[in-house]
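The stops below follow charged side chains.

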Amino acid sequence: MKKILFTDLDETLLKSDKTVSRENRRAIRRMLDAGHHLVVATGRPVNSGLTVVRQLGLTLPGCYMIAFNGAVIYDCAADMILNKRTLPIEHVEYLFEEAERCGLHIQTYSDEYILAGRNDKELEYYVQTTKMPYKIVKNMFASLEKEPCKVLLASLDEPEKLKRFQRQHRSWEEGKCSSFFSCREYLEYCPVDTDKGRGVRFLKEFLNVRTEDTYAAGDERNDISMLREAGTGIAVRNAFEDVKMAADFITANDNEHDAVAEIIDKFIL
């Protein structure tokens with residue numbers, strides 16, 4: 001019986017230096033050779049996620065990616081988008097106006113670039129982490145050729161400002177988009193009813209795999225929907241406490257010590 005493992009990238013599959021351990025690589029290869037499916041589930045844009053996917057050789061049949069926190073479902077073997085959701089331009093424009101009024105960094109994405117209105121330390125930190133190219137644009141909405149998949153607000157020094165922004169815009173958000181924190185410094189706005197859990201639902205149906213044969217692993221709050229949607233939700237040892245509370249199982253190892261290999265050995269193989 002085929003199984004699916006959905007795994008978050010940062011602080012789950014990836015170590016803090018953004019590399020993948022030898023044991024994790026070996027375990028992934030064993031599960032793929034056994035005919036199971038692997039899905040990388042990330043808040044990162046498609047191109048950034050694909051960088052990791054290709055480094056790991058996850059371009060074989062059975063490899064998929066959930067990008068932009070569920071807004072894009074990608075077949076890594078066929079190198080094609082299976083499903084995509086976007087934010088209406090008027091919602092993006094509103095968020096930019098409000099973020100700039102509140103003095104918060106905000107960015108969105110084209111197919112190839114991060115798009116931001118200015119270069120600041122939040123952008124520099126994000127680029128260093130994701131290795132994505134960026135453009136500074138004076139007229140954001142003339143630069144957007146199509147609706148983006150998400151908008152990201154960031155504050156490295158005052159993350160409380162992001163919580164306040166989210167609270168103040170909850171009533172506007174209803175029915176227009178979904179907001180959540182991918183880490184304490186990043187507040188993300190995605191298309192309405194979009195999260196990693198939606199990506200799990202889509203691929204369960206697309207691949208015709210029973211819920212009880214699906215497993216999801218993560219560490220951050222934006223992983224909770226994925227853990228709840230899978231048959232077995234797994235928090236890595238270094239996960240936030242509320243993620244652990246939402247999980248069915250907590251690994252003995254953390255992301256620095258082969259947590260994903262532990263999961264594969266215990267649940268997939």
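Buried here means under 20% relative accessible area, exposed over 50%, and partly exposed in between (1.4 Å probe, protein chains only). The model is predicted, so local features need pLDDT of at least 70 and side-chain atom pairs count only at pLDDT 80 or more, while totals for chains, interfaces and linings use all residues. Residues are numbered from 1 along each chain as its sequence is written, and side-chain values use heavy atoms, leaving out hydrogens and water.

Select Lys244 and Glu241. Their side chains meet in a salt bridge at 3.6 Å, N to O; the term requires a side-chain nitrogen of Lys or Arg within 4 Å of a carboxyl oxygen of Asp or Glu. Both residues lie in helix H10 (residues 241-246), three residues apart, about one turn of the helix. Helices are DSSP runs (H or I, at least four residues), strands likewise (E, at least two), numbered from the N terminus. Lys244 counts as buried at 18% relative accessibility, whereas Glu241 is exposed at 53%.

Next, pick Lys196 and Asp223. The closest N and O atoms of this salt bridge are 2.6 Å apart. The pair links distant parts of the chain, 27 residues apart: Lys196 in helix H8 (residues 196-207), Asp223 in the loop between strand S12 (214-218) and helix H9 (224-229). Lys196 is buried at 1%, and Asp223 is buried at 0%.

Then move to Arg118 and Asp120. Their salt bridge spans 3.7 Å, N to O. Arg118 is partly exposed at 41%; Asp120 is buried at 14%. The count of salt bridges in the model comes to 22.
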